[in-house]
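This report covers chain contacts, nonpolar cores and selected local features. The sequence and structure come before the details.

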Amino acid sequence: MTALGHVLEHRAVQYRRTFRSSAFSSFLSPVLFLTAMGLGLGGYVDRSGGTALGGLTYLQFLAPGLLAATVMQAAAFEATFPIIGGLNWQRTFHAMYATPLSPRDIALGNLLWMAIRLGMIATVFTVVIVAFGAAHSPLVVLGIPVAVLTGMSFGAPIAAFSATQRTPSKFNVIFRFGITPLFLFSGTFFPIESLPGFLQPIAWLSPLWHGVDLTRGLVLGTLGQNPAVMLVHVIVLATIVAVSTWAAVRMIERRLVRG
Amino acid sequence: MPETPSTSLIHARGLTKRFGEFTAVDAIDFDVAPAEAFGFLGPNGAGKTSTMRMIGSVSPITDGTLTVLGLDPRTNGPQIRARLGVVPQQDTLDTELTVRENLVLYGRYFGLSRDECGRRADELLDFAQLTERQNDEVEPLSGGMKRRLTIARALINEPELLLLDEPTTGLDPQARHLLWDRLYRLKQRGVTLVLTTHYMDEAEQLCDRLVVMDKAKIVAEGSPRQLIERYSTKEVTELRFPPDVQDSLDGKLDGLAERIERLADRVLLYADDGEAVAVAAHERGLKPDTVLVRRSTLEDVFLRLTGRSLIE
Amino acid sequence: MTLPLRVTPTLMFGSRRALRLIERNLYVYRRTWIVIVSGFFEPLFYLLSIGFGLGRLVGNVPGPGGAEIPYQLFIAPALLASSSMNGAITEATLNFFFKLKYQKTFESILSTPLSVADIAVGELGWALIRGALYTIGFLGVMVILGIGVSPWLLLTLPAALLISFAFGAVGMAATSFMRTWQDFDLIQLVVLPMFLFSGTFYPLDAYPDAARIVVQLTPLYQGVDLLRSLAVGVVGPSAIVHAVYLAVMGIAGLIVVSRRLDKLLLR
């Protein structure tokens, strides 16, 4: 366990350098987005009537979705360059391996740090949501671990992939054809019921959709409407995280041993 | 003088490393005694780095036996690594941290307290002559400074054994000499050094004993002096002819020296008295463009053993 | 490390950790075909989701000239303007900073007959070419989806390039003052609010008068309104004002960056 602690300490000291600007932007970003899209655009959505949002204002609908989506994007970033840099360019992972640490310590330590970073972002975002008055249940606090779970359901598999890469060229493809479409079509900005019928089941394949729906239920206190579905969301996300964490550890281990 | 397994710091018998079909290290035997400076000399691709990684307990051995500090790397990797210092071929410094932070944080991985890390960092910065740069970013440092920092970092846990993979590759002569000086002092303090290199001057300067590796095997072993005495003569006379003349020298050189090597651009005549050979060649009517008489080096040893030069 | 929400379509995945210059050069060639292909898919995704998906929630909104237009027609030109801005800024800041910091790229060029101004224009030109490819893809998708079929649409291509030019030049000028990667956060601090509040997602009617005037003076709004007018087909003298604004902005940026490069490189 102390081995993981050392890895975390290392990442934390690295983070000290960029901490201030990072903290500031993880506060500013949700404030700006919720103001512009939640309130500004929301005014037009609410004004146009319509029952698509089931009685919610657009701000209420958007906020939890945006929380999950933001954490997902952060995870996607943290899972690419720090990993590929640690294994190929700065080779800091190799430096760690020349100490009593095992490859598993190095892999788990870095994944754990990723989760901590996601937790920080999710916490700030949640505070902003509450400040905007868009939270309607004390369960909103649980939105934080759920957002982290959602983020890791992207971060862990991408980290596993990053460990196999030596150049960032394929990351582009992941972002363009993976992250972006999922981000746009997982019920963040509009309900998936607005999608054409044949696409709706596909949304269920998106881990982000599971995270968004679950977060929305927690923030708005509507979990009770569909408890079985919420449970499915949790199980799907947890399974993805478990399996891909194992894969990420294996991949990083392989790269370290191979040199 | 090969040690018995119980007193060797590193003991290898039949040590083999295979990557799929490719054999990087082919059943080599060697022993490293405490407080000696031991070298693996050979060209790129000889298997030196693979051997080092096995000793460093970061790469599993395919076959044979290897004990490091009396322990088996297969089962005691972390314990071995706790007592090693590693200076890898490519720098693995953390460019997001300052010079000093690199030392302190690395020390933490060995379970040292923060105070202890700080204390040792100060000492090592002094040893590496980097005290003035301790709060600087790593990136702008020169190659020599980065290498000194890497060595300092490798010493933070006060290792009994220091592994250095091509420590002065890419450094200018001044940086190299400074590094050699530091390493020599470490040896005097009782740290065992194991290094790989393809520079024969480095091997001659630093190593008490070395093995010559080529194509995954050990082809010779001994102190630099022993190797030269065994595989070469005391002196070498180098003759450089114009290309067309070089080709038509057959027969004209016979008997001039103990051994003759034809290289692409010159002829090497091995004898104990180089001057005499030069004179004799002149008396035979040979008119080389340049004549150089020098002492034998490990390069000549390698040439003799493998028919190739160390630097391809 | 800032992690702004990436809602904006971008021309290129801009990463601040891409340190390997050699690999970048190598995969720039491989990336070219991906840029072209994704230059088609990215607008498609955005227009379908934000344009139609979100559009269904919003319905119609007041467009240029006052008449109500469908949301997808409202937002498509705004997305194009934003991505032109973002793409140019990413190229003009990250890429440019990288080359400046590892100065050898420019130093060796300067020992040829090329001048400092040539470098600035050359770098910008490359960003514009990529911008043009992306814009063509975007417009193609718009046409296929039936968004905005006014004859003025053709002018959207040069107009989008004008936006790229303006922001690219100013981006390079800003970059020439930066010293570490951390300074990039300041750029995001300016770009993100502009992107969100310049009449991109909703009309300026939403603002009180004072705020509306301020926004109308900002550069992205100029670009958004210009492209929107062209797409909707309601083109008036304001379009010329927008175009001149952007052109002047770009030229000013080029002048500043040339002077800065002079100081930085020719010592």
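The contact between chain A and chain B takes 20 residues from chain A and 21 residues from chain B, two residues being in contact if their C-beta atoms, placed from the backbone, lie within 7 Å. On the side of chain A that touches chain B, the elements giving two or more residues are helix H1 (2–16) and helix H5 (92–97) of chain A. Helices (H or I, at least four residues) and strands (E, at least two) are DSSP runs, numbered from the N terminus. The residues on this side of chain A divide into 8 nonpolar, 9 polar and 3 charged. Here Ala, Val, Leu, Ile, Met, Phe, Trp, Tyr, Cys and Pro count as nonpolar, Asp, Glu, Lys and Arg as charged, and the others, Gly among them, as polar.

This is a predicted model, in which local features need pLDDT of at least 70, side-chain atom pairs count only at pLDDT 80 or more, and totals for chains, interfaces and linings use all residues. Residues are numbered from 1 along each chain as its sequence is written, while chains are lettered from A and ligands numbered from 1 in the order in which they are written.

Of the 2 pairs of chains in contact, chains A and C share the most contacts. Chain B and chain C do not touch, and their nearest C-alpha atoms are 11 Å apart.

Chain C has 9 helices and 2 strands, in the sequence pattern α-β-β-α-α-α-α-α-α-α-α. Of its 267 residues, 49% are buried. A residue is buried if 20 or more other C-beta atoms lie within 10 Å of its own, exposed if 12 or fewer, and partly exposed in between, with C-beta atoms placed from the backbone.

The largest nonpolar core has 236 residues, and those with the most contacts inside it are Val71(A), Ala75(A), Leu118(A), Ala248(A) and Leu163(B). Helix H2 (residues 71–101) of chain C gives the largest share of this core, 16 residues. Apart from this core lies another, of 12 residues, among them Val236(B), Val267(B), Leu269(B) and Val277(B). A nonpolar core is a set of buried Ala, Val, Leu, Ile, Met, Phe, Trp, Tyr and Cys residues joined through C-beta atoms within 7 Å.

| Residue | Residues touched |
|---|---|
| Leu118(A) | Val71(A), Ala74(A), Ala75(A), Val148(A), Gly151(A), Met152(A) |
| Phe40(B) | Lys48(B), Thr51(B), Thr196(B), Leu210(B), Val211(B), Met213(B) |

Phe40(B) is found in strand S3 (residues 37–41) of chain B. Phe40(B) counts as buried because it has 26 C-beta neighbours inside 10 Å.

Chain B is divided into domain 1 (10–228) and domain 2 (233–295), with bounds from an automatic or database domain assignment. The C-alpha centres of the two domains of chain B lie 40 Å apart.

In helix H10 (residues 274–283) of chain B, the buried residues are Gly274(B), Val277(B), Ala278(B) and Ala281(B). They cover an arc of only 100° around the axis, so they lie on the same side of H10(B); the arc is that of the directions from the helix axis to the C-beta atoms. These buried residues pack against strand S10 (235–240), strand S12 (267–271) and strand S13 (290–295) of chain B. Exposed Glu275(B) and Glu283(B) are carried on the face of H10(B) turned away from its buried side. Just after H10(B), Gly285(B) takes a positive phi of about 95°.

Methods:
Lists of a residue's contacts leave out its neighbours within four places in sequence.
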